[in-house]
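Subject: Structure handover

Hello,

Here is the structure for you to look through. My notes on what was found follow below it.

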Amino acid sequence: MPGRGRPRVFHAVVVIFLEFFAWGLLTTPMLTVLHETFPQHTFLMNGLVQGVKGFLSFLSAPLIGALSDIWGRKSFLLLTVFFTCAPIPFMRISPWWYFALISVSGIFAVTFSVIFAYVADITEEHERSTAYGLVSATFAASLVTSPAIGAFLSARYGDSLVVLVATVIAVLDIAFVFFLVPESLPNKTRLTSWGLPLTWEQADPFSSLRRVGKDSTVLLICVTVFLSYLPEAGQYSSFFLYLRQVIEFSPEAIAAFIAMVGILSIIAQTLLFSLLMRTIGKKNTVLLGLGFQILQLAWYGFGSEPWMMWAAGTIAAMSSITFPAVSALVSHSASPDQQGVAQGMVTGIRGLCNGLGPALYGFIFFLFNVELIELQPLERPRPEKAVVPGPPFLFGACAVLLALLVAIFIPDRRPSPDTAAAGSAHKPGAMATAQSPAQATPTSDAEDIEPLLQDSSM
């Protein structure tokens, strides 16, 4: 397929920006379509739709990773971007088809997984933390203006135009990948024919999870990721609905809130992240990010006024340093010959959270009778809900507190070579689920590491 020049982090940044900019435009129309399609139990149905999508992504990510290791990243970037964006035009064609396609698109909606593998192919280890932070910041940057633009176009010209613009941007993203993105995986590590069989070990999404208990450091990291990312995944799926229903944000206020958090997240994940990594180190940066996340979720849970959400949003931006720091910590903590194993395990944990988190949050909202109804202050039900307006967020704060306690025990130092050699002698088959047999020979660091999946498929 066409592709110009050398592969650069710039190519990954553009792909992520266009994909999530298109989805950001749809923030306001999506709230409307959700309310119209599921007038009863809106939070529950939203959680189930996003949960099915996340769980399918968890099941498919190892297979797509293994195939991209064999046949290259570009083909699978094209595949994942296409299927992630495929539901967009159906928002106006048929809402039911739209939500059905969102659910099943999870099979291929693992763009971040392939993007981070792309970045790992073209960066050295000392550059990787900065590159991870840049790609993460790009996700935030894509949401700085797109919800506001979408809300303005929706109010001025209607939702149909917003869906059309988002569709055009998605098509541009697909064209960019096809015509301009070069292949990142060196030819020597790719298969030249389609005859190499894949083992079940490579495609099994649970294989990495079964290895978690075999290494204490990886176990601690995986438990930390599970407890902290489970509420994060649930929050992403329902927070805008929550702002509209419970806090009574207007579409314009929601767009402005997203823009503020996005701008602050860019600053946090670039300038602040680099400074913290140099001064306090990887583990302490993770602990600091988890502390910010606890405060943010508790504030969301107890906050009942708009100004409280704005204040908590600033804390949310600071907590965005957590997962770039975790990605760097995983690379640092694992021995060189076990990098792929450790990264594959953490990727599997986060993929599982993408399925469980939205469904869990939707179910908790359902239990506490929080529904997306027409906002009329005189008809707000159950005044006692003001004590804890957001029960799922309070649950999330408790989960992240446990994650913080677990993370304290993560070792600061990488295992010594002797320890790593002894460990690898007892794990002859331990390779990343996304590594192919063709990569069993020694390669560069950039080829050995499959990076951490960074949030979130849309």
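First, a definition: buried means under 20% relative accessible area, exposed means over 50%, and partly exposed lies in between, with a 1.4 Å probe and protein chains only. Y157 is exposed because its relative accessibility is 53%. This is a predicted model, where local features need pLDDT of at least 70, side-chain atom pairs count only at pLDDT 80 or more, and totals for chains, interfaces and linings use all residues. Residues are numbered from 1 along each chain as its sequence is written, and side-chain values use heavy atoms, with hydrogens and water left out.

The surface
Y157 lies in helix 8. Helices here are DSSP runs (H or I, at least four residues), numbered from the N terminus. Y157 also belongs to a nonpolar surface patch, along with F152, L161, L164, V168 and L172. Together they have about 590 Å² of accessible area. Helix 8 (125-157) and helix 9 (159-180) each give the patch at least two residues. Helix 9 supplies the largest share, 4 residues.

A buried lysine
K283 sits in helix 14 (residues 282-302). K283 counts as buried because its relative accessibility is 13%. Its side chain reaches the backbone oxygen of I410 at 2.8 Å. Leaving out residues up to four places away in sequence, K283 touches L329, A407, I408, F409, I410 and D412. Contact here means heavy atoms within 4.5 Å.

M309
Beyond its neighbours within four places in sequence, M309 is in contact with several residues, including F239, Y242, W299 and G303.

Best wishes

Conventions: A polar contact is a pair of N or O atoms within 3.5 Å; within protein, one must be able to donate a hydrogen and the other to accept it, and residues adjacent in sequence count only if both atoms are side-chain atoms. Patches are made of residues with over 30% relative accessible area and no salt bridge: like charges are joined within 9 Å, nonpolar side chains (Val, Leu, Ile, Met, Phe, Trp, Tyr) within 5 Å. Accessible areas come from the Shrake-Rupley method with a 1.4 Å probe; for residues, only the protein chains shown count as cover. A salt bridge is a side-chain nitrogen of Lys or Arg within 4 Å of a carboxyl oxygen of Asp or Glu.
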